[in-house]
Amino acid sequence: MRKTSAILTFVTSVTSLFVLCRSVPINAAQDQTAIRPFTVPTVPQKELDDLRHRILATRWPEKETVADDSQGVQLATVKALAAYWGKNYDWRKCEAKLKALPHFVTNIDGLDIHFIHVRSKNPNALPMIVTHGWPGSIIEQLKIIDPLTNPTAHGGKAEDVFDLVIPSMPGYGFSGKPNTTGWHPQHIARAWIELMKRLGYTKYVAQGGDWGALITDLMGQQAPPGLAGIHSNMAGVVPPEIDKMAFVNAPAPSDLSAEEKYAYDRLAFFYTHGLGYAQEMGNRPETLYGVADSPIGLAAWIIDHDIWSYKMITRVFDGKSEGLTRDDILDNITFYWFTNTAVSSARLYWENKLAFFAPKNVSIPAAVSAFPEDIDVPAKSWAEKTYPKLIHFNRLDKGGHFAAWEQPELFVNEMRAAFKSLRSSEPKAASASMPNK
């Protein structure tokens, strides 16, 4: 519904606040498809107090009956997380980081799509749209923004520069929540193509991990004019027949190379031991009322994404130094809490009907970075068969599923190397109506 007054009435619920702040008021003469500035809302103090109260009032279950994490997120890990979250964590710091960036919103196919748009001062910057995944968000990309858009300040060269477009997927973060079905990965890929078109970019590249990897592959499959290439840090390159065998944990084919066998075993392990969250959200996302109502329920659900990330997070809350900090982890969880997107984000699993790790028939130039602690560590031979125009493949020595967030320096270097061959001296046009902050 359009708002007829420029003055918003005070709201006591932060959920209502986020809904009201998704777009600026427009009049009947304005086009809803226009690019509109978006203001990151300030969470009312009473909502911060309520979150802290809920955390400290958690009703805890008994300790797991095993000495390891085979039964799930261990009680000691979540209690350590809760102790810091409920007493020491400061959301205002993350809020300030978000507010310092230029945010916008535009309506695509009836849904408001939020995005961060940071343009370099260099007219030869290569535009790149970067897509997050689940249980990620735009929080994942905050550390890479300045190094990519201002490379000379971070050890790069002027010719390494990018413009960045970082959208929130439908049902995630500040984007609208679909109230009808049909916002599946193919639809999101089309929406991202439309977004880059609206921004006036005549040449750009796309990058993604997790859901972002699938969406980026689908953009490459659609191969619109202007999309010069893609990069994935969770590449869908597993041959379909091998993917099916891994899904049922069948013995690996005997003719696999050592690298392919490693990739197969890792994927089979994830399918067998780590897919529970995706199966629940793919079948019954609306049942997850508990993670929408309990901050500790939400936190446990999010940090149990994959065993490698979970072990790293456990070490973080045990006081070890890792790629992520306690604040990093809680910034993302708290963002989900205040945007109330635990269930709306889960519905993407229900919408999806595609095999995550199978090839998507991408014909345009493609690049792949393989991080060793990811759930899928692709074999180069499979990437070469999947992407006929493979322009970059690199196996990193550290990093996991949330590469841009956990290892931003390595990730930035990968972006510079991956797209180097696709650059030209021609400016990539962008709408003059998009002032940078």
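**Exercise 1.** Determine which residues of helix H13 are buried, and which helices they pack against.

*Solution.* Step 1: in helix H13 (residues 307–317), the buried residues are Trp-308, Ser-309, Tyr-310, Met-312, Ile-313, Val-316 and Phe-317; buried means under 20% relative accessible area with a 1.4 Å probe, protein chains only. Step 2: these residues pack against helices H3 (75–87), H9 (258–273), H12 (295–303), H14 (326–339) and H17 (403–406), where contact means heavy atoms within 4.5 Å. Helices are DSSP runs (H or I, at least four residues) and strands likewise (E, at least two), numbered from the N terminus.

The model is predicted: local features need pLDDT of at least 70 and side-chain atom pairs pLDDT 80 or more, while totals for chains, interfaces and linings use all residues. Residues are numbered from 1 along each chain as its sequence is written, and side-chain values use heavy atoms, leaving out hydrogens and water.

**Exercise 2.** Characterise the surroundings of Arg-266.

*Solution.* Step 1: Arg-266 belongs to helix H9. Step 2: Arg-266 is buried but has no salt bridge, the nearest side chain of opposite charge being Glu-373, 4.2 Å away; a salt bridge requires a side-chain nitrogen of Lys or Arg within 4 Å of a carboxyl oxygen of Asp or Glu. Step 3: a polar atom of the Arg-266 side chain lies 2.6 Å from the backbone oxygen of Asp-374. Step 4: the residues touched by Arg-266 include Trp-308, one of the buried residues of H13.

**Exercise 3.** Identify how strand S2 is covered.

*Solution.* His-103, Val-105 and Asn-107 are buried on one side of S2, and Phe-104, Thr-106 and Ile-108 on the other.

How values were computed: Buried means under 20% relative accessible area, exposed over 50%, partly exposed in between (1.4 Å probe, protein chains only). Lys and Arg count as positive and Asp and Glu as negative; His and the chain ends are not counted. A polar contact is a pair of N or O atoms within 3.5 Å; within protein, one must be able to donate a hydrogen and the other to accept it, and residues adjacent in sequence count only if both atoms are side-chain atoms. Lists of a residue's contacts leave out its neighbours within four places in sequence.
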